[in-house]
Amino acid sequence: MAHTAMSGNGTTAGDDPLQTAVWRLRSRACWADAAALLDPGTADTALQRAALLVERCLYTEQGWEEAEDALRTAEALAHTDDERGAAACERGYLAYAATLLGVRDRADEARAALGRTAALIPPGTAGRALLDFRRGLLAQNLADAPQAARAAFRRAHAGATAHGDLLLLSFTWRHLAGLALREGELAEARHGFSESLRIREELGYLVGTAPALVSLADAEAEPEASRLREEARRLFQLLGGVPTWLARQLSPPAAGAATA
């Protein structure tokens, strides 16, 4: 998610102070607090609020109604093709999250919304890179079509590189590495997972660091794999058990010990 209208997205020195505050809260799993800093009076800020609350749904499996309300506001304020396309992209992502997490099957809605996005956002733009990534997620996780997912992730990776979107790059590295691991390409998987982890640590994207550690652990041998998982477990507990779905991948450190 890249919002540049207010001078940067908060990840680098010199960015707008508001965006810096929003980023710090978002990266520490405080999406509601981050959204509360934004006045949804313009299309850009309304969209950013919606994107934050949609992301909270995916990481916490909660807040669906708030995300829907914020998204409807963003859709109502969208007037240009770029704004309408960005809102449709968030609509598709919310529907994808609801389907993936078993809240409700909204796969058709997700595909339709991302199709609308493709009609509104031209190739070569930052928004198109995000769209390509989300289309890859649908192909990988809802359609079980790894070849289509790889092609979409590669387009997203190229777009993120061209536009300097480091956070999106951390996601494309991780998902391309996951496909490589699935095919037994351990060296390629380790490289991709390591790059994803490096970027997230450099950006201070704390809420995304534990998943990156677990992914890298899956491609490493012992004892490194256990060390990475233990580090991920500590971060997971520090953030109060977020992302919730990571609990299924983190086994207890010892018999009878509790995990967040």
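Trainee: What should I know about numbering and thresholds here?
Mentor: Residues are numbered from 1 along each chain as its sequence is written. This is a predicted model, where local features need pLDDT of at least 70, side-chain atom pairs count only at pLDDT 80 or more, and totals for chains, interfaces and linings use all residues, while side-chain values use heavy atoms, with hydrogens and water left out.

Trainee: What volume does the second largest pocket have?
Mentor: A pocket is an open set of points on a 1 Å grid over the protein atoms alone, where a 1.4 Å probe fits, with protein on both sides within 12 Å along at least five of seven lines. Points are joined across faces, edges and corners, and the volume is the space filled by probe spheres set on them. For the second largest pocket that comes to about 630 Å³.

Trainee: Which residues are the closest to the centre of the second largest pocket?
Mentor: Lining residues have an atom within 4 Å of a point. The second largest pocket has 26 of them, and the closest to its centre are Asn 141, Arg 174, His 175, Trp 245 and Gln 249.

Trainee: Which helix gives the largest share of that lining?
Mentor: Helices here are DSSP runs (H or I, at least four residues), numbered from the N terminus. H3 (43-60), H5 (81-100), H7 (126-142), H9 (166-182), H10 (186-203) and H11 (209-219) each supply at least two lining residues. The largest share, 7 residues, comes from H9.

Trainee: How do the lining residues divide into nonpolar, polar and charged?
Mentor: Ala, Val, Leu, Ile, Met, Phe, Trp, Tyr, Cys and Pro count as nonpolar, Asp, Glu, Lys and Arg as charged, and the others, Gly among them, as polar. On that basis the lining has 14 nonpolar, 7 polar and 5 charged residues.

Trainee: Why is the pair of Tyr 59 and Trp 245 called tilted?
Mentor: Rings of Phe, Tyr and Trp (its six-membered ring) pair if their centres lie within 6.5 Å; planes under 30 degrees apart are stacked, over 60 edge-to-face, and the rest tilted. The structure holds 7 such pairs. In this one the ring centres are 6.2 Å apart and the planes are at 50 degrees, so the pair is tilted.

Trainee: How many residues apart in sequence are the parts that this pair ties together?
Mentor: Tyr 59 is buried (under 20% relative accessible area, with exposed over 50% and partly exposed in between; 1.4 Å probe, protein chains only), at 5%. Trp 245 is buried too, at 16%. Tyr 59 lies in H3 and Trp 245 in the segment after H12 (224-238), so the pair ties together parts that are 186 residues apart.

Trainee: How many of the residues of H3 are buried?
Mentor: H3 has 18 residues and reaches 26 Å from its first C-alpha to its last, close to the 26 Å expected at 1.5 Å a residue, taken times one less than the number of residues. H3 is largely enclosed by the rest of the structure, because the buried count is 16 of the 18.

Trainee: What do the buried residues of H10 pack against?
Mentor: The buried residues of H10 include Ala 189, Phe 193, Ser 196 and Arg 200. With contact meaning heavy atoms within 4.5 Å, they pack against H1 (17-27), H9 and H11.

Trainee: Where is Pro 243, which a cis peptide bond joins to Val 242?
Mentor: Omega of that bond is about 0 degrees. Pro 243 lies in the segment after H12.
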